[in-house]
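Here's a quick tour of a protein–DNA model. Have the structure open while you read.

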Protein chains: 2
Amino acid sequence: MKHIAESTVRRLSLYLRFLEEFEAQGQTTISSGELALSGGTTSAQVRKDLSFFGSFGKRGLGYGVRDLIGSIRQILGLHRSWSVVIIGAGKIGAALAQYRGFTQRGFNVVGVYDKDPVRVGATLDGVTVRPDSELERDIQRLKPQIAVLCVPGEAAQPLVDRVTKAGIRAVLNFAPAQLHVPKGVTLRAVNMATELEILAFGLSHPEERAS
Amino acid sequence: MKHIAESTVRRLSLYLRFLEEFEAQGQTTISSGELALSGGTTSAQVRKDLSFFGSFGKRGLGYGVRDLIGSIRQILGLHRSWSVVIIGAGKIGAALAQYRGFTQRGFNVVGVYDKDPVRVGATLDGVTVRPDSELERDIQRLKPQIAVLCVPGEAAQPLVDRVTKAGIRAVLNFAPAQLHVPKGVTLRAVNMATELEILAFGLSHPEERAS
DNA sequence: GGTAGCTTGTGAATGATTTCACAAGCCCCT
DNA sequence: AGGGGCTTGTGAAATCATTCACAAGCTACC
């Protein structure tokens with residue numbers, strides 16, 4: 001299979017959300033144009049995105065909403081469930097641990113960890129915060145695939161090293177630090193300050209549109 | 001000025017972070033190659049990114065760390081401060097209201113709003129949660145430029161309509177909903193579930209690398 | 001069964017972004 | 001003062017992503 005652009009994967013995730021809404025409203029069939037409209041893209045883009053993975057529609061008719069939901073879930077790897085550990089039980093870590101959107105989509109939070117004894121023992125939406133010294137043992141036992149990092153910047157790299165060594169295959173980093181991971185591990189970063197800075201740039205340069 | 005790609009702006013924000021670290025360590029000068037190394041990009045990319053905005057280095061020498069910090073801050077619009085309102089004082093809204101990274105970079109949280117009377121009146125890091133009915137009045141009085149939306153998906157669009165009408169020029173959306181804004185308003189969205197789904201795609205297709 | 005009216009799937013064309021590669025310029029040392 | 005060793009800034013080339021445009025195919029209806 002050819003290399004797939006991140007922008008394509010991001011849009012597929014978006015399409016999936018809309019399709020679920022359309023299904024909830026009882027719509028059984030949808031055209032690429034309709035889907036494009038909700039997602040703010042073009043019908044050609046929708047069809048091209050899907051075409052990387054196969055052929056899911058019927059010419060003249062469009063796509064079956066239910067079928068396409070199934071196909072995209074399969075493409076994104078959501079036909080199975082994934083186990084996630086959250087590292088850092090501060091404000092953001094705690095918020096994510098209790099975020100419904102994860103469970104809804106098959107991401108199960110199997111552990112929340114913190115270094116600070118004050119936070120250890122608290123219960124967040126049914127999961128108890130455990131000391132970070134248990135991380136390695138728990139990763140080997142529960143085999144989570146994904147780690148979400150919500151710790152201060154300086155603590156992030158040592159923790160990534162530990163969890164990747166213990167078997168984590170993907171990391172979502174909310175810590176304000178540039179992380180390095182071994183080959184074969186996928187890394188994504190979300191930086192709140194950067195997002196605001198991109199907005200500030202847009203506000204400072206109204207003649208252009210870096211949106 | 002030509003149109004600037006979002007990827008360029010995002011990298012500039014990243015460079016700024018590294019430069020601040022280098023400055024804290026007392027380094028006064030830096031080459032594009034060194035900067036590229038910390039940011040996981042290439043020296044040509046660094047130079048090209050900067051070249052859109054002018055010429056900031058000295059051939060043979062590199063860039064003055066302090067000067068380049070100033071120049072990038074100017075480019076991104078961080079030479080001034082920006083006022084931000086946070087809408088929704090749930091878990092994520094509260095976490096963001098107390099996030100140090102914003103203030104550090106000149107983003108001042110001037111108000112936090114919620115619909116729920118139970119949350120109104122609470123104090124988050126010096127800012128009191130106010131009822132969302134005050135939004136319009138406060139926006140006209142305090143003239144914030146940026147709104148950060150942390151409300152349930154279905155509440156998001158009506159709130160965006162209200163705050164853009166009241167004068168907000170940029171919106172950072174954490175709500176799981178596709179928003180529409182009037183022309184001239186900049187919109188960015190961060191969707192936690194999508195980020196995890198991109199990771200899941202990567203895990204499901206190890207032969208490629210949509211990172 | 002044939003035609004009209006849609007909509008998909010996809011090569012080709014366009015547009016955007018990244019990488020290459022090198023002339024120009026600066027500092028240091030002799 | 002001149003040469004060597006770096007490093008920038010930037011057109012040109014290459015790569016990557018999006019948009020165009022149209023043949024192929026399906027349904028409905030007469």
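## Ground rules

This is a predicted model: local features need pLDDT of at least 70, side-chain atom pairs count only at pLDDT 80 or more, and totals for chains, interfaces and linings use all residues. Residues are numbered from 1 along each chain as its sequence is written, while chains are lettered from A and ligands numbered from 1 in the order in which they are written.

## Two copies

Rotate chain B by 180°, with 0.0 Å of shift along the axis, and it lands on chain A with an RMSD of 0.1 Å (least squares on C-alpha atoms of residues with pLDDT of at least 70 in both). The two copies are thus related as by a two-fold rotation axis. Within chain B, the C-alpha of B:Ile92 comes closest to that axis, at 3.3 Å.

## Around DNA strand D

DNA strand D has 29 residues around it, the closest being A:Ala5, A:Gly60, B:Ser55, B:Gly57 and B:Gly60 (near means a C-beta atom, placed from the backbone, within 6 Å). α3(B) gives the largest share of this surface, six residues; helices here are DSSP runs of H or I, at least four residues, numbered from the N terminus.

## A helix pair in chain B

α1(B), residues 6-24, packs on α2(B) at about 100°, with the axes 10 Å apart (axes are lines fitted to C-alpha atoms over the stretch in contact, and angles run from 0 to 180 degrees between N-to-C directions). α1(B) and α2(B) are therefore roughly perpendicular, a label for angles of 65 to 115 degrees.

How values were computed. Helix = DSSP H or I, 4+ residues; strand = E, 2+ residues; numbered from the N terminus. Parallel < 35°, antiparallel > 145°, perpendicular 65-115°, else oblique.
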